[in-house]
Amino acid sequence: MAENVVQCDDEFVHSIKTLLWGNSIKKDVFKRWAQGFYFSPDEPTALIQTEGGPCAVIAPVQAFILKELLSETDVSTWKNINLDTCYQLLVRASIEILKQAAGEKVPKFCIVFMDCKFSNEDNVRKTKWVEKIPEIENRETEINVANNENQETKKKILLMEMNEECRSIDSDLFHSQLRLFTTNTSEHVEEFFLERLEMLKDRYGILLLLYSIIVTKGVTEIRSEMSDPLESMIDSTYGYGNQSLINLMLTGRAVSHVWDHDQDVGGLKLRGIDTQNAIGFLALLEHLCYCEVGTFLKSPSNPIWVLGSETHLTVLFSTEKKLVSPETPADQAKRVFRKFDPEGNDFIPANLLQDVLAELGLVTDSDYVNVMKKKLDSENLGIILRTNFMDEFFPEEPRTCPDTFPLYHYNGLQHSNPENKVIYHKGQAVLLECTIKGIMESNPMLTVLQTKWPRIEIQWDIGQNPSLN
């Protein structure tokens, strides 16, 4: 595979840097993204995020890891999964995200990695850190006496201090060391990753995967999908990934919105999600009407959702397969009706009825449509209500969602978890008879879940709501 490796030229690197970081890269923002993929000592399959910012990559990768896990094993066995298996899951998740970015046509995978000489320098630096372990062990003893911490303290201190030391390398040196491996088969990508697992574990692992996804998709293609092609995908001030970056990771498309299909707003075409996705997305800010999450992301093909707060991304998942299913005719009808009702008024102009029926594959004969217009708009107001439409054409909607089901929540930030332990927190959800939906500033977890299940109530095993931030 060596003949497929080339050095990244300056123009090529500049196009990626500008797309991601804008005209300049702030040192502190770049440092927060300079992190490798590594797993929690308290939850073997859960990724740890050291600082704010890279959750736009970490949370989607975690979601795809969970997709692999839910398809193969029972949650009760996850604590016993060894580290080698965890990194195999990481590789498989990464490949699935790359496949989405490559598209269904003749795929071309482009894997960005670093010069081997730089990796050797990393190994020397790691050797120096190994020599410091006795000093850290002494410090751990003091901490154990004072705070009765568990045996993982040494590992966490070492990881944090190594992380700080590693951050001394600046972005210019990083970008000067980039190399490119290309192949047309995912099997070669898997082989490449497994032979070079250190590239994912080391301090630039997250960035190398992100750059690989961007190059595989293509900078030009990504800009064409974004609403504002001049916007950087990583906020230059705070370092958060924008919605286009999140959507690229989740769906393979760098569109800027999370509603279904494209929408025409004042003559401006705004692109959205075009099909049911493998992983879902729910947004806390939807309850304030700051965004609209469509059914393609609210109802994914797997019971896994990335949750978006104002500043952070976490992951919600369930072992209950009945929470997700192929789109029913009634689901499709609601989605299509909504397509012709872009402002969400729950009605359409009567003259659009024929277009809605045509898209749903129903009868569109003019005489029949005129009869239905009169029936559905009996007061001759010139509009057709969604409820009337659904009652007429889809009168019986079987309920498939169970009344009770387990939910699990993941937050990769240690300080956002009780006792600083990154683990999956379990909750038992109940769908009540009446809708309890309302803005609850004191309970953002419940508020975001109500955008998907308006009648939900949930009790968490930790006796408190897991943090979305």
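Guide: Asn420 is partly exposed, with a relative accessible area of 42%. On this scale buried means under 20% relative accessible area, exposed over 50%, and partly exposed in between (1.4 Å probe, protein chains only). The model is predicted: local features need pLDDT of at least 70, side-chain atom pairs count only at pLDDT 80 or more, and totals for chains, interfaces and linings use all residues. Residues are numbered from 1 along each chain as its sequence is written, and side-chain values use heavy atoms, with hydrogens and water left out.

Visitor: Where is Asn420 found?

Guide: Asn420 lies in the loop between β11 and β12. Its phi is near 60°, a positive value in a residue other than glycine. Glu419 is in the loop between β11 and β12 as well, and phi of Glu419 is also near 60°, again positive in a residue that is not glycine.

Visitor: Is Glu419 buried or exposed?

Guide: Glu419 counts as exposed, because its relative accessibility is 64%.

Visitor: Which residues of β12 are on its covered face, and which on its uncovered one?

Guide: His425, Gly427, Ala429 and Leu431 make up the covered face of β12, while Lys426, Gln428 and Val430 make up the uncovered one.

Visitor: What is the order of strands in the open sheet of six?

Guide: The order is β6-β7-β8-β11-β12-β13, and the pairing is mixed. At the edges stand β6 (280-283) and β13 (456-460), each with a single partner strand, so one side of each has no neighbour in the sheet. On average, neighbouring strands of this sheet are turned by 30° against each other, direction ignored. Axes are lines fitted to C-alpha atoms, for helices over the stretch in contact, and angles run from 0 to 180 degrees between N-to-C directions.

Helix α3 (residues 55-72) packs on the sheet and touches β7 (304-308), β8 (313-317) and β11 (404-410), with its direction at about 15° to that of β8. Contact means heavy atoms within 4.5 Å. Helix α13 (residues 243-251) also packs on the sheet, touching β6, β7 and β8, and its direction makes about 155° with that of β6.

Visitor: How are two packed helices described?

Guide: The description gives the angle between their axes and the distance between the axes. For α3 and α13 the angle is about 20° and the axes are 9 Å apart. Therefore α3 is roughly parallel to α13; angles under 35 degrees count as roughly parallel, over 145 as roughly antiparallel, 65 to 115 as roughly perpendicular and the rest as oblique.

Visitor: Which residues of α3 meet which in α13?

Guide: Ala56, Val57, Pro60, Val61 and Phe64 of α3 meet Leu245, Ile246, Met249 and Leu250 of α13. By class, the contact of α3 with α13 has nine nonpolar, no polar and no charged residues. Ala, Val, Leu, Ile, Met, Phe, Trp, Tyr, Cys and Pro count as nonpolar, Asp, Glu, Lys and Arg as charged, and the others, Gly among them, as polar.

Visitor: At what angle do α11 and α13 pack?

Guide: Helix α11 (residues 205-217) and α13 pack at about 80°, with axes 11 Å apart. That makes α11 roughly perpendicular to α13. Leu210, Ile213, Ile214 and Lys217 of α11 meet Leu245, Leu248 and Met249 of α13. This contact of α11 with α13 divides into six nonpolar, no polar and one charged.

Visitor: What is the strand order in the open sheet of three?

Guide: The order is β1-β3-β2, with antiparallel pairing. β1 and strand β3 (residues 178-183) pair over three bridges, and Val5 stands opposite Phe181 in β3. Helix α9 (residues 186-195) lies across β2 and β3, running at about 15° to β2.

Key:
Two strands pair if DSSP finds at least two bridges between them. Helices (H or I, at least four residues) and strands (E, at least two) are DSSP runs, numbered from the N terminus.
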